[in-house]
Amino acid sequence: MDSENNQSTGSDVESENETYERPPSSYGSMKSECDDMEKRSDKEEEGGGGISEVVCFAAPDPPAPPVVGSQMGHSRYTETLCTEATEQTRPPGGMVIDAGSEELDDLEDAELDDDDELLTTCSPEPPEPLEMEGLPQEDESSQPGKLDPELDMPYIFKSIQEVISRLNKDEMFKFKIWFKKWEPLPVLQEVLDGDVLDFVDKIIELFGLDKALSQTISTLERLEKTEEINELNTKCAKAIFRFYLKEYLFRKSQITHEGVPQPGKQQFLNAVYVAPQISIRGFGGVDPSHEILAQTPKPIQVPSEDSFVALNDLFRLKKEDGSPVKTVVTTGIPGVGMSVSVAKFCLDWSEEKANRDIQYVLKLSFRDLRYFRHKEYEKEGISMQEILEYCHAPIKGLKILQEENAKYIIIMDCYDCYEAPLDFQNASVVTDNDAKAHISTLIVNLIRGNLLPNARLWILGRRAAITEIPSKFVDVVAELQGFSDEMKDQYLTQRFTDPQLAAKIVRHYKRVPIIQILARQPFFTWIVAKIFKSCFKQGNYGSNKPRVTPLLIHFIIIQTNRMLKFYFRKKDNEKWTDDEVNLLRMLGKMSFKMLEKNTNVFTEEDVKDVSLELNEVVVFSGLCTELIPTAISGKRTFCFSHYTIQEFMAALYVFLAFYLDSKNVLESGFLPRVLLYKYNGKSAAGLVQCAVSRTLGSKLGHYDMFLRYLCGMFSPHCYNNLLQGFLYSHGMPKVEGLKEVEQLLEQTIQTAPEERKRNLYECLREMTQEDE
């Protein structure tokens, strides 16, 4: 009850001679013996005073649902969660009558039914809570939150009380003194003179179940009470392990490093997290929107809103037969926020905001599992129990995950980081958690359901990697779709403490449609926030629209750095090798070929044509994703995470060929003679003139964004600042003839068709604007 109810209740029973005792509905009151209650009753009969006593009668035909609350007199002990649990012992249909009120004094015995039974609570032990129909326990997300009995408050309360009740008077006094030193709060002084139930009641109220149990064990260790410690560890093994997992996941998840992890650049996850859209009928996760094209070359389907599911409801889904799902696979395009979603799921569970009925949540990341592929484990192998103990040491010696009623989730994220094939067809069967085998064999049997059969698996990874899991072992495939328009604004607003700066950034990024489209990816939204925050520190920034070319350069550089760190375990900001440069250049070459063919889909053969490996393109690069096969043939097809990234990579390839190799790749092939070629093809103006010719000679939107990005590359800020040091070394010469390029664009704008002029203005602005 809240304080207002306490005050109003107490006012009904106040008297000058009132004595204060523990409220009968508090767990602290249950220490009172029946004899003590009888003596107190005799005194009340003789003196006519005393506190109001709570008496429960069973109502014959209750007209309304049962009421959980009760009335009681004032006590020096505040009501706690323990009190609420005790009140559940009143039977359904029972009504609570204040025995000390005027109404009860006026109630004649004849008015009470003979069958009414007086319920008293004089037991020295806390009663078990009753199941009350119509009153389901729910968490903050309105999910069923019924805990396992051994994890719930009555059981833990009773276990603590039974153990410390065996301490003698001196030991109990020392125990309370030591306990008080853990948290030197003045309120604990109130229970130093109280009995055991008072003490347990108060510490659970103050610290919660987990901390009260943990500090009880720590205090017993100081008193060297080995027998009591072992008993409590045995009785509350489930609660202790759950407490460890909650603390571990909270510590790992409450802080997030956005983008590329940097020391001191972390944020509280709850302060910046915005739940992305998650669909259970995904089509690849690629947004088909485009600034100029009404439709991308190959139409891409998008899921409907009725297929969206909340993050914490993934394991509330049902299979066709009505049974709960066991294995959920979650995927999405690079940068859509899978790692952040895992962290939020774990944080909500550790804070008991969601999935309270899940006993345990364990993380077995593939990034950690690949460690067991080392040679030292190749010969002898390793068991599943050893893996669990390695990742979560407190589970050593416990078999709680193998119990028939165990209900827990194992999160296996970063599937693509394992970097080794899993043979689901030929792997041997392993059903014993203590049997040793190769780590890949154990993973296969875990997914098959042979190992830890009660576990619910949540597997996350990029689509091109997780497609090797046979569909018969997967109940649901959920796809992260990214941010809606409202979510983009919400993220950019709440991550800044300065509301004026946040409002400026929200207005600013919406001025360029393609930036607003790309911001559907949470990772790109973070880039927008990061760069614009830095830019707005300049006094004159914001008068012009933002340029998109610098943002996309930042995007590919950060994604490549993340690839080096996550997949190849390189150090932060480690210098790129020729392999990374070649990967981006060949990706650009493939993109340019696709642009010439007017397609946005590529296959494994297209990847081989540019001498690249499929995995490094569609998994490691962070720029591509796999599409769901729709044809009967089932041929695997891939695309870039957005069509405009393909256009950007094509422009990057053309620029690098010109800047590094002095080659104009646009001269080859058929070129419509829309313009007279008055510039040398090997000059910057000659290259741009070829690009303009291709653009104006094609339908609207085919080469328009490509031309905009190519012009943006010629901005000194882009090629001389952003790209330098990554794709080529410092000290490269500046591009000559940029004035001629500017004049070319200005002349073309004057003679171009009206529908083309807007994009040509944008091309000129991308190259000449100098406000960043």
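Where is the place of E224? The legends below take up that residue and several other close-up views. The model is predicted.

**Figure 1**
The protein chain has 30 helices and 12 strands. It runs to 772 residues, and 53% of them count as buried. Now take the contacts between residues at least 6 apart in sequence. Of these, 75% join residues at least 24 apart.

**Figure 1. E224 sits in the loop between α7 and α8.**
Helix α8 covers residues 226–235. E224 is not a glycine, yet its phi is positive, at about 60 degrees. Most residues other than glycine have a negative phi. Is E224 buried or exposed? Its relative accessibility is 68%, so E224 counts as exposed, the cut-off being over 50%.

**Figure 2. S611 also has a positive phi without being a glycine.**
Its phi is near 60 degrees. S611 lies in the loop between α23 and α24. Helix α23 spans 604–609, and helix α24 spans 614–620. S611 counts as exposed because its relative accessibility is 64%.

**Figure 3. Helix α7 meets helix α9.**
Two packed helices are described by the angle between their axes and the distance between the axes. Helix α7 is made of residues 196–222, and helix α9 of residues 237–253. Their axes come within 10 Å and cross at roughly 110 degrees. Angles of 65 to 115 degrees count as roughly perpendicular, so α7 and α9 fall in that group. The crossing of α7 past α9 is left-handed. On the α7 side, look for D210, K211, L213, S214 and I217. They meet A239, I240, F243 and K246 of α9. By class, this contact has 5 nonpolar, 1 polar and 3 charged residues.

A237 is buried, with a relative accessible area of 15%.

**Figure 4. N312 lies in the loop between β5 and β6.**
Strand β5 covers 277–279, and strand β6 covers 327–331. N312 counts as buried, since its relative accessibility is 11% and the cut-off is under 20%. How many residues separate N312 and K344 in sequence? The two are 32 residues apart in sequence. In space they are 9.0 Å apart, C-alpha to C-alpha.

**Figure 5. Helix α18 packs with helix α20.**
Residues 499–509 form α18, and residues 522–535 form α20. The helices pack at an angle of about 115 degrees, with their axes 10 Å apart. That angle makes α18 roughly perpendicular to α20. The crossing here is right-handed. Which residues of α18 meet α20? They are L501, I505, H508 and Y509. Their partners in α20 are V528, A529, F532 and K533. The residues of this contact divide into 6 nonpolar, 1 polar and 1 charged.

**Figure 6. L700 lies in the loop between α26 and α27.**
Helix α26 spans 684–696, and helix α27 spans 704–713. L700 is partly exposed, with a relative accessible area of 40%. Set aside its neighbours within four places in sequence. L700 is then in contact with I292, L293, E755 and R756. From L700 to E755 there are 55 residues in sequence. Yet their C-alpha atoms are 8.2 Å apart in space.

**Figure 7. Helix α29 meets helix α30.**
Helix α29 covers residues 738–751, and helix α30 covers residues 754–768. Their axes come within 9 Å and cross at roughly 165 degrees. Angles over 145 degrees count as roughly antiparallel, so α29 and α30 belong there. Their crossing is left-handed. Residues of α29 in this view include L738, V741, E742 and L745, along with E746, T748, I749 and Q750. Facing them from α30 are K757, L760, Y761, C763, L764, M767 and T768. By class, the contact has 9 nonpolar, 3 polar and 3 charged residues.

Conventions
Residues numbered from 1 in each chain as written. Predicted model: local features only at pLDDT ≥ 70, side-chain atom pairs only at ≥ 80, totals over all residues. Heavy atoms only, no water. Helix = DSSP H or I, 4+ residues; strand = E, 2+ residues; numbered from the N terminus. Buried < 20%, exposed > 50% of the residue type's maximum accessible area, 1.4 Å probe, protein only. Contact = heavy atoms within 4.5 Å. Axes fitted to C-alpha atoms, helices over the stretch in contact; angles between N-to-C directions. Parallel < 35°, antiparallel > 145°, perpendicular 65-115°, else oblique. Left-handed = near helix turned anticlockwise from the far one by under 90°. Nonpolar A, V, L, I, M, F, W, Y, C, P; charged D, E, K, R; others polar.
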